[in-house]
Amino acid sequence: MSTHDGGCLCGKVRYRIHGPFHQFHLCHCSRCRRFSGTAHAANLMAPADSLEWLGGEELVRRFDLPEAKAFARAFCGECGSMVPHLRRSGDLAVIPAGGLDQSPDLDPNDHIFWEDRAEWYEPGIGAKKYAGPPGG
Ligand SMILES: [Zn+2]
Ligand SMILES: [Zn+2]
């Protein structure tokens, strides 16, 4: 069975996903953009019981958006990195793809909430590329 490990930027929160991911959504909704500070979230979905905390679970903080039916996020209380959370329904874990040590074993299925995308998202894809910092 495949496993994927991930963690936060400061390294104190570590987790493992056992088994395959079900879905991989790039979510452009305004809530994901606001929380992440970037164009979209990259949310992997897996069964709730496939998530194992390897360390730092006591540092994990959760935010449930009060007016939302389901929107929630979890993050490291030390460095603020997004970490997995369980949906309120309890059935699925939502795992931020950028937190994994290796690439997941599937490509994104779709862009969701595409109508809400940032106006600068598509121009950004076509912007000039540098291997490192600008000018480098
Ligand atoms: Zn951290
Ligand atoms: Zn979203």
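This is a predicted model: local features need pLDDT of at least 70, side-chain atom pairs count only at pLDDT 80 or more; totals for chains, interfaces and linings use all residues.
Residues are numbered from 1 along each chain as its sequence is written, and chains are lettered from A and ligands numbered from 1 in the order in which they are written.

Let me start with the chain as a whole. It has two helices and 11 strands, and read along the sequence they follow the pattern β-β-β-α-β-β-β-β-β-β-β-β-α. The C-alpha trace spans about 40 × 35 × 30 Å along its principal axes. For 136 residues, a compact globule would have a radius of gyration near 14 Å, and the 15 Å of this chain agrees with that; the radius is taken over C-alpha atoms, and the globule rule is 2.2 Å times the number of residues to the power 0.38. If we take contacts between residues at least 6 apart in sequence, 59% of them join residues at least 24 apart, a contact being a pair whose C-beta atoms, placed from the backbone, lie within 7 Å.

Back to the strands of my opening question. S1 and S2 belong to an open sheet of three strands, in the order S1-S2-S5, with antiparallel pairing. Strand S1 (3-7) and strand S5 (51-55) each have a single partner strand and stand at the edges, so one side of each is left without a neighbour in the sheet. From one strand to the next the twist averages 25°, the axes being lines fitted to C-alpha atoms, for helices over the stretch in contact, with angles from 0 to 180 degrees between N-to-C directions. Within this sheet, Thr 3 has His 18 of S2 as its bridge partner.

Strand S6 (residues 60-64) and strand S7 (residues 72-76) run antiparallel and are joined by five bridges, with Arg 62 opposite Ala 74 in S7. S7 also pairs with strand S8 (residues 82-83), again in the antiparallel sense, over two bridges, and here Phe 75 stands opposite Met 82. The hairpin of S7 and S8 has five residues between the strands, and in it Gly 80 takes a positive phi near 85°.

Now to the interior. Buried residues make up 23% of the 136 residues, where buried means 20 or more other C-beta atoms within 10 Å of the residue's own, exposed means 12 or fewer, and partly exposed lies in between, with C-beta atoms placed from the backbone. The largest nonpolar core has 13 residues, and those with the most contacts inside it are Leu 44, Ala 46 and Ile 95; such a core is a set of buried Ala, Val, Leu, Ile, Met, Phe, Trp, Tyr and Cys residues joined through C-beta atoms within 7 Å. Strand S3 (23-27), strand S4 (41-47) and strand S10 (92-96) are the elements that give it two or more residues, and S4 gives the most, with four. Apart from this core lies another of seven residues, among them Val 13, Phe 75, Met 82 and Val 83. In soluble globular proteins, nonpolar side chains tend to be buried together.

Finally, three residues towards the end of the sequence. Asp 101, in the loop between S10 and strand S11 (110-112), is exposed because 10 other C-beta atoms lie within 10 Å; leaving out residues up to four places away in sequence, Asp 101 touches Asp 5 and Gly 6. His 111, in strand S11, counts as partly exposed, with 13 C-beta neighbours inside 10 Å, and beyond four places in sequence His 111 is in contact with Leu 26 and His 28. Phe 113 lies in the loop between S11 and helix H2 (121-125), and its phi is near 55°, a positive value in a residue other than glycine. Phe 113 has 17 C-beta neighbours inside 10 Å, so Phe 113 counts as partly exposed.

How values were computed:
Two strands pair if DSSP finds at least two bridges between them. Two residues are in contact if their C-beta atoms, placed from the backbone, lie within 7 Å.
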